Amino acid sequence: MLVILNPLMRIIEIPMMALQRLLGVNRLAWVFLLPNLLLFGLFAFLPVILNLSYSLTGGDNVLLEARPYVGGRNFETLTSCSSFLDPNTCIEDKFWRAVWNTLWFVTLQVGIMVGFALLTAIILNRDIRARGFFRSVFFFPVLLSPVVVALIWKWILQREGVLNAFLDWIGIGGFNWLIDAEWAFAWTVFLSVWAHMGFYTLILLAGLQAIPRDVYEAALMDRASPWRTFRRITLPLLSPTMLVVLVLALIKGVQTFDEVYAFTGGGPGTATTFIIQYIYEEGFAGAPRLFGLAAAASLMVAIVLVVLTLIQLWINRRNVDG
Amino acid sequence: MANLWSMLTATRGKGRWDWTDWVSYSYLFLGVFLMFFPVIWLVLSSFKTEADLQRYPPTFLPYQQETVVVDGFDEPLPLFRMTAGDYEGQTLAQLRRVGLQAQMIDPANPGERLRVSINDREPVQGVALALENYTGLFERFNFLRFFWNSTFITVTATLIMLLVNAMAAFALSKYEFRGRTTVLLLVIGTLMIPQTVVLVPLFLIVSELGMLNSLWGVIIPGAATPTGVFLLRQYMITIPDEILDAARMDKASEWKIFWRIILPLSAPAIAVLAILAIMWRWNDFLWPLIVLTQSENFTLQLALNSFQGELQTDWSSLLAMTVLTLLPIAAVFMFLQKYIATGIASTGGK
């Protein structure tokens with residue numbers, strides 16, 4: 001690798017030295033920043049502005065100058081419902097199905113996942129033999145690609161798959177798991193917990209290990225009951241980490257797409273269609289390509305994510321200061 | 001109840017095994033089963049023949065019918081054990097099957113052709129790996145092409161990201177200049193703009209740049225990450241300024257200081273970021289799905305996803321391809337798992 005990189009670095013040095021002479025040492029900082037800022041500007045900030053203008057225009061042309069201005073009509077289409085609780089009463093019923101699916105999914109997935117991650121972290125924090133091994137075992141699915149995770153479980157859950165064979169064997173009988181709407185939804189939650197739990201376990205374990213030992217020793221001296229120790233020491237001292245984990249899990253949960261798309265394709269029907277898949281399908285998968293609706297929906301998701309990220313940054317700051 | 005909570009809170013062993021230890025270890029071993037079994041099952045299944053995959057209930061290990069080479073026949077002949085009829089107990093090789101009858105020969109005495117009912121026999125099976133599932137991938141599909149696309153994207157994007165992020169981190173950690181706080185705030189701002197919420201305009205920009213259906217369209221938009229800048233900056237701040245001053249005394253240019261001093265000294269942080277970048281890029285799905293629409297540009301993930309639609313009945317190829325897709329990441333994990341764990345814990349993911 002160095003054989004290629006060294007000459008390359010030496011070539012870059014020539015213009016950099018010229019710039020250094022021209023600008024002086026301190027203003028050279030901007031030259032170091034330039035590539036990164038250019039990429040951020042072009043692929044993060046400019047898109048945010050353009051996204052706004054997409055959401056205010058209609059038609060199926062991707063070129064902005066060819067798109068007629070429609071004002072807030074995209075947002076009206078998305079939000080005109082006689083009852084927000086019932087997607088059937090909405091013009092864009094698929095959007096609201098996706099919204100409700102996502103809300104249910106995020107609630108269940110984050111709750112179950114953080115619960116099990118906490119339990120696992122607490123058990124791993126005990127005096128466990130081969131802790132490193134167990135930690136890696138719970139962690140390794142995090143590294144698998146979403147498509148691989150989806151295929152692994154599709155293979156296990158298929159009609160003549162190993163799970164049904166096992167259920168037949170103990171006499172319960174098999175199911176067509178992914179054909180039934182409720183089961184398919186339950187399995188997407190399971191799959192997502194399976195794939196991501198290890199990541200949060202790792203963070204919570206780090207949080208538990210950061211709690212000083214002498215606090216527990218003091219509690220032991222005072223003859224505090226284990227339950228009391230857990231509630232009055234472990235939980236309060238872990239709560240900053242818990243908050244970080246919850247917010248991170250929420251941010252990722254809202255954006256769930258890859259593994260579910262490869263696992264159920266959003267089906268059966270729209271039972272497992274989540275909000276990012278709605279955006280993808282409106283903008284890129286179907287014809288006509290409704291970029292305006294996709295952009296308007298993106299904007300709504302973006303607002304949720306900005307709020308969550310601000311909370312995360314605020315917690316981080318408080319953790320550092322406190 | 002008190003015992004349950006002592007299990008949840010105890011951080012030291014008490015030198016003896018009580019029931020809370022049993023519960024803990026049971027939980028952990030159940031976890032090992034739940035986490036490992038699906039992957040082991042995938043790998044074992046990927047070595048089964050299509051016929052073996054159809055078997056219900058499935059066997060744990062891959063089985064294949066045994067064959068025998070008999071003089072005078074070009075192809076190896078499948079072996080059967082006779083369970084009834086005139087030849088009960090013998091092992092015969094099948095020449096051909098006609099309806100409910102089969103023409104068999106005794107491998108030891110190939111001259112004589114025997115007619116038996118197919119109900120009187122069962123196949124002789126042994127554990128064997130169906131390697132043709134894997135070799136078939138290279139013959140029937142453009143597998144190497146997908147593998148190359150994924151590798152090219154992962155390697156190029158990781159290198160560009162490391163260089164660009166390291167340069168920015170260097171500027172933000174080792175220079176005093178007006179506007180530094182503003183830049184830091186801008187970098188924090190990009191944390192709030194994940195690709196998933198700007199797909200439409202990103203699509204326009206990439207197509208205006210002529211990078212649609214090109215691997216560069218996947219590589220470039222994600223090349224700068226706020227996570228990378230923060231991770232590297234945090235590390236570079238700890239490098240003492242005196243080293244830089246000494247180098248400046250020796251008339252080293254700033255660029256030389258960057259790649260001869262700062263980069264080598266930041267190696268641990270760069271290694272962590274490189275591992276994360278490799279993981280993100282290799283497993284990336286949504287953005288490649290939008291940018292790459294022609295199958296010759298597909299990454300492994302896209303190929304795998306599109307084949308699972310087309311090859312519903314061809315699980316043997318699909319499973320083998322899945323194994324090959326997870327193999328590189330598994331290898332990285334085995335060798336570098338310590339770095340991965342600390343890296344992910346310190347950055348809080350992407």
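Chain A of this predicted model has a radius of gyration (taken over C-alpha atoms) of 25 Å, whereas a compact globule of 322 residues would have one near 20 Å. The globule rule behind such reference values is 2.2 Å times the number of residues to the power 0.38. Along the principal axes, the C-alpha atoms of chain A fill a box of roughly 70 × 60 × 45 Å. The secondary structure of chain A consists of 13 helices and 0 strands, in the order α-α-α-α-α-α-α-α-α-α-α-α-α along the sequence. Helices (H or I, at least four residues) and strands (E, at least two) are DSSP runs, numbered from the N terminus.

Chain B contains 15 helices and 8 strands. Its radius of gyration is 30 Å, well over the 20 Å given by the globule rule for 350 residues, so chain B is more spread out than a compact globule. The C-alpha trace of chain B spans about 95 × 65 × 45 Å along its principal axes. Chain B is divided into domain 1 (18-63), domain 2 (67-123) and domain 3 (134-347), with bounds that come from an automatic or database domain assignment. The centres of domain 2 of chain B and domain 3 of chain B, taken over C-alpha atoms, are 58 Å apart.

The two chains meet at an interface in which 110 residues of chain A are in contact with 113 residues of chain B, contact meaning heavy atoms within 4.5 Å. The size of an interface is often given as the accessible area lost when the parts come together. Chain A and chain B bury about 10,100 Å² between them, 77% of it on carbon and sulfur atoms; this buried area is the accessible area (1.4 Å probe) lost on being put together, summed over both parts. In chain A, the most area is lost to chain B by Phe32(A), Arg126(A) and Trp155(A), which together make up 9% of what that side buries.

Between chain A and chain B there is 1 salt bridge, defined as a side-chain nitrogen of Lys or Arg within 4 Å of a carboxyl oxygen of Asp or Glu. Arg126(A) forms a salt bridge with Asp21(B), with the closest N and O atoms 3.5 Å apart. Helix α2 (residues 28-55) of chain A gives the most to the side of chain A that touches chain B, with 21 residues.

Residues are numbered from 1 along each chain as its sequence is written, chains are lettered from A and ligands numbered from 1 in the order in which they are written, and side-chain values use heavy atoms, with hydrogens and water left out. In this predicted model, local features need pLDDT of at least 70 and side-chain atom pairs count only at pLDDT 80 or more, while totals for chains, interfaces and linings use all residues.

Technical notes. Buried area = accessible area lost by both parts, 1.4 Å probe.
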